[in-house]
Amino acid sequence: SGISSIRQLDIRHLLRLHEPEALMWGLDENITLPTTGEEALQRFLSTPKCQDAYGVLGLQASCTEEDVRRHYKRLSALLNPEKNMLEGAEEAHEMITKAYHAISTPEARKEYNFARIRPCKNDLHHEIGKLWSRIRERVEEARNSMYCDCGRRHSRIALDIRQNEARYCRRCKTRHPARANDIWVETRLCGLFWVYLTCCDGIVYDITDWATCE
């Protein structure tokens, strides 16, 4: 009987080794769904890098099937690249679609949850990670460049100048505030070089590269 008890303990121990660990994915609680495409995209930019399907859809790992459908339906509509023209929307839409298919049915969800035991083998996590990084790259590129009639993007350089003293006046030799979307010209090196500047979202940019092409 002693040997039998030991064998039973060994079997139980082996079974526990093959049981999935407690879920560590997802969020602490389901997010409040966004109401605009900009708000939906901003969530991906303002939160730490997310590599699991639950987190991408703004869900707890213990969410219901109805939660999954509801979150995907709203996010898909807001991030549809045919309607949302913001930089990164296309990648965000692809990311939530991949996440949805991974946990949209009980069978798919069971398979996905089991894969957490070997995260290094989970291809979806790598794909989500790449898309997440690409979203941030696209948005950062858009922030630091401007479209031009030539069909290319030209760089704009953020300057360490406050909006309330952005515009230098040679006549009174002082700086004046700039209004949003103002564009003005200043000279450098005794008038040899012209520098084009603008103010957007409270930040002063050097847009000489764009202006000289225009």
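Helices and strands here are DSSP runs numbered from the N terminus, with at least four residues of H or I for a helix and at least two of E for a strand. A heads-up on the numbers: this is a predicted model, where local features need pLDDT of at least 70 and side-chain atom pairs count only at pLDDT 80 or more, while totals for chains, interfaces and linings use all residues. Residues are numbered from 1 along each chain as its sequence is written, and side-chain values use heavy atoms, with hydrogens and water left out.

Let's stay with the strands for a bit. Two strands count as paired if DSSP finds at least two bridges between them. In general, strands of a sheet pair through backbone hydrogen bonds, either parallel or antiparallel. Here, four strands make an open sheet in the order β3-β8-β7-β6, with antiparallel pairing. β3 (157–158) and β6 sit at the edges, each pairing on one side only. The table walks through the pairs.

| Strand pair | Bridges | Direction |
|---|---|---|
| β6 (residues 183–188) and β7 (residues 193–200) | six bridges | antiparallel |
| β7 and β8 (residues 203–206) | four bridges | antiparallel |
| β3 and β8 | two bridges | antiparallel |

If you want to find these pairs residue by residue, start with T187, whose bridge partner in β7 is W194. Moving on to β8, T198 has Y205 as its bridge partner, and C199 stands opposite V204.

Is D182 buried or exposed? Its relative accessibility is 13%, so D182 counts as buried (buried is under 20% relative accessible area, exposed is over 50% and partly exposed is in between, using a 1.4 Å probe and protein chains only). Leaving aside residues up to four places away in sequence, D182 touches R167, L197, T198 and C199; contact means heavy atoms within 4.5 Å.

Now for the helices. In α2 (residues 37–46), the buried residues are G37, A40, L41, R43, F44 and L45. Their cover includes α3 (53–56), α4 (65–79), α5 (89–103) and α7 (123–143).

Two of those, α5 and α7, also meet each other: their axes come within 9 Å and cross at roughly 160 degrees. Axes are lines fitted to C-alpha atoms, for helices over the stretch in contact, with angles running from 0 to 180 degrees between N-to-C directions. The pair is therefore roughly antiparallel (over 145 degrees; under 35 is roughly parallel, 65 to 115 roughly perpendicular and the rest oblique). On the α5 side, the contact is made by E91, A92, E94, M95, K98 and A102, and on the α7 side by L124, E127, I128, L131, W132, R134, I135 and R138. These contact residues divide into eight nonpolar, no polar and six charged.

Zooming out, the chain has eight helices and eight strands. Of its 214 residues, 38% count as buried.

Technical notes
Nonpolar A, V, L, I, M, F, W, Y, C, P; charged D, E, K, R; others polar.
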